[in-house]
Amino acid sequence: MTKDFSTALDQIRIISREAASWGRANRPDGRVDVAATKSSPTDVVTELDRGCEQRIREAISQHWPNDGFIGEESAPSPGTSGVVWIVDPIDGTVNFVYGVAGYAISIAAEYQGETVLGYVIDISTGAEYGALRGGGAWRWEGAEKRTLTGPPAVPIEQMLVATGFNYRQELREKQGQAVAKLLPHIRDIRRLGSAALDLVAMAEGRLDAYVEEGLKPWDLAAGELIAREAGLIVTGFDGKANERLTIVSHNSVARDFFDHIVRCGF
Ligand code: LIP
C-alpha cells in the first residue's frame with residue numbers, strides 16, 4: 001500500500017519552523033550551557049536540544065498518535081502504524097553551543113523500513129530543504145520550490161569535499177590520518193559540523209562530495225533522501241550509507257571516489 005506523505009511534509013514544515021523559531025528565541029548570547037555529555041566528554045547535549053526534541057515529539061504525537069519515534073535525545077517508541085519518525089532536534093550541537101553557523105533540525109519518516117520523507121531546516125538562517133521518495137528534492141524559497149540537482153561532475157582533484165569526525169577520541173586519529181591522505185588529491189576539505197547541512201549542501205551543489213564515518217540514523221536519514229532525490233549516489237560499504245561509512249558524490253565519479261576513499265583508509 002502506498003501512502004501520500006506530501007501532506008505530512010507540509011505539517012512537518014510547520015512543526016519544524018516553530019521549533020526552529022523556539023530554538024533561536026531561547027538561545028542565549030555567547031556559549032550555550034552544556035547539560036550533559038554522551039559518548040565522550042566532547043559529545044554534548046543542551047537543555048535546548050532536549051526542549052526542541054520534546055516540542056517536535058509532542059507535535060508529531062498529536063498529529064500521528066500511532067506513529068513510532070526515534071530521536072537523538074529521548075527514548076524510542078515503535079508505534080503501530082508502520083511509520084517511524086527519525087529526529088535530530090539540533091544537528092550540529094557543538095556549532096549551536098559555540099554560536100558557530102551550521103545547526104539544523106533534521107526529520108525523516110520511514111514507512112515499512114524505507115525513508116519516504118526528508119526535511120532539514122537550518123535553524124539560524126531558516127533555509128528549508130525537503131524530499132519525498134520518488135518525488136525529487138527541493139529548497140523552499142518563499143512559496144516557491146527550487147529543485148535540487150546536486151553538483152556538476154568534476155574530477156576528484158577538483159573536488160571540494162566535506163567530512164566530519166567522531167566524538168570518540170580513539171576514532172579521531174584514524175579519521176584524521178585518512179583525511180590527511182585524501183587532502184593532497186582533492187581541491188579542499190570543509191568541516192561544517194552538521195551532517196544534515198553537509199547533505200543538503202551536496203543536494204544544492206555547494207559541495208562536490210561528502211564522506212564521514214560514525215553518523216547516527218538521525219544525522220543521516222533526512223539528508224540522505226534529499227541527496228538521493230537530487231540525483232546523487234549515497235553509499236558506503238556494502239552499498240549502503242550507515243554508521244560505518246557514508247559517501248555522497250555525483251554518479252559519474254562515484255565508483256572512483258569510493259575506491260579512493262577506501263585507499264585513504266576510511
Ligand atoms: C554531528 C554530526 C556531524 C558530526 C559531528 C556530530 P550532532 O551530530 O551532524 O556530521 O561530524 O561529530 O556527530 O552530535 O551535532 O547531532
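Guide: Start with Asp 49, which sits in helix H2. Helices and strands here are DSSP runs, numbered from the N terminus: a helix is H or I over at least four residues, a strand is E over at least two. The model is predicted, so local features need pLDDT of at least 70 and side-chain atom pairs count only at pLDDT 80 or more, while totals for chains, interfaces and linings use all residues. Residues are numbered from 1 along each chain as its sequence is written, and side-chain values use heavy atoms, with hydrogens and water left out.

Is Asp 49 buried or exposed? Asp 49 counts as buried because its relative accessible area is 0%. The cut-offs are these: buried is under 20% relative accessible area, exposed is over 50%, and partly exposed is in between, with a 1.4 Å probe and protein chains only.

Who are its neighbours? Setting aside residues within four places in sequence, Asp 49 is in contact with Glu 73, Pro 89, Ile 90 and Thr 93. Contact means heavy atoms within 4.5 Å. Look at Thr 93. Along the chain, Thr 93 and Asp 49 are 44 residues apart, yet 7.7 Å separates their C-alpha atoms. Their side chains make a polar contact of 2.9 Å. A polar contact is a pair of N or O atoms within 3.5 Å; within protein, one must be able to donate a hydrogen and the other to accept it, and residues adjacent in sequence count only if both atoms are side-chain atoms.

Now step back to the whole helix. H2 runs over residues 47–63. Its 17 residues should span 24 Å at 1.5 Å a residue, and its end C-alpha atoms are 24 Å apart, so the two agree. The expected span is 1.5 Å times one less than the number of residues. Thr 46 caps the N-terminal end of H2. A side-chain oxygen of Thr 46 lies 3.1 Å from the backbone nitrogen of Leu 48.

Which residues of H2 are buried? They are Leu 48, Asp 49, Gly 51, Cys 52, Glu 53, Ile 56, Ala 59 and Ile 60. An α-helix has 3.6 residues a turn, so residues three or four places apart point the same way.

Follow Ile 60. Not counting residues up to four places away in sequence, Ile 60 touches Ile 12, Ile 15, Pro 65, Phe 69, Trp 85 and Val 87.

The largest nonpolar core has 34 residues. A nonpolar core is a set of buried Ala, Val, Leu, Ile, Met, Phe, Trp, Tyr and Cys residues joined through side-chain atoms within 4.5 Å. Phe 5, Ile 12, Ile 56, Ile 60, Trp 85, Ile 105 and Leu 117 touch the most other members. Two or more residues each come from helix H1 (6–26), H2, and strands S5 (83–91), S6 (104–111), S7 (114–122) and S9 (136–141). H1 gives the largest share, seven residues. Apart from this core lies another, of 20 residues, among them Ala 104, Ala 108, Val 200 and Leu 225.

The buried residues of H1 include Ile 12 and Ile 15. Also among them are Arg 13, Ser 16 and Trp 22.

Next, the ligand. It is surrounded by 17 residues, and the closest are Asp 91, Gly 92, Arg 191, Ala 195 and Glu 212. To be near a molecule or strand, a residue needs a heavy atom within 4 Å of it. Asp 91 has a polar side-chain atom 2.6 Å from a ligand oxygen. Gly 92 has a backbone N or O atom 2.7 Å from an oxygen atom of the ligand. A polar backbone atom of Phe 165 is 2.9 Å from a ligand oxygen. Taken alone, the ligand exposes 370 Å², and the protein buries 94% of that. Such areas come from the Shrake-Rupley method with a 1.4 Å probe; for residues, only the protein chains shown count as cover.

Glu 141 is found in S9. Glu 141 counts as partly exposed, because its relative accessibility is 38%. Its side chain joins that of Arg 146 in a polar contact of 3.0 Å.
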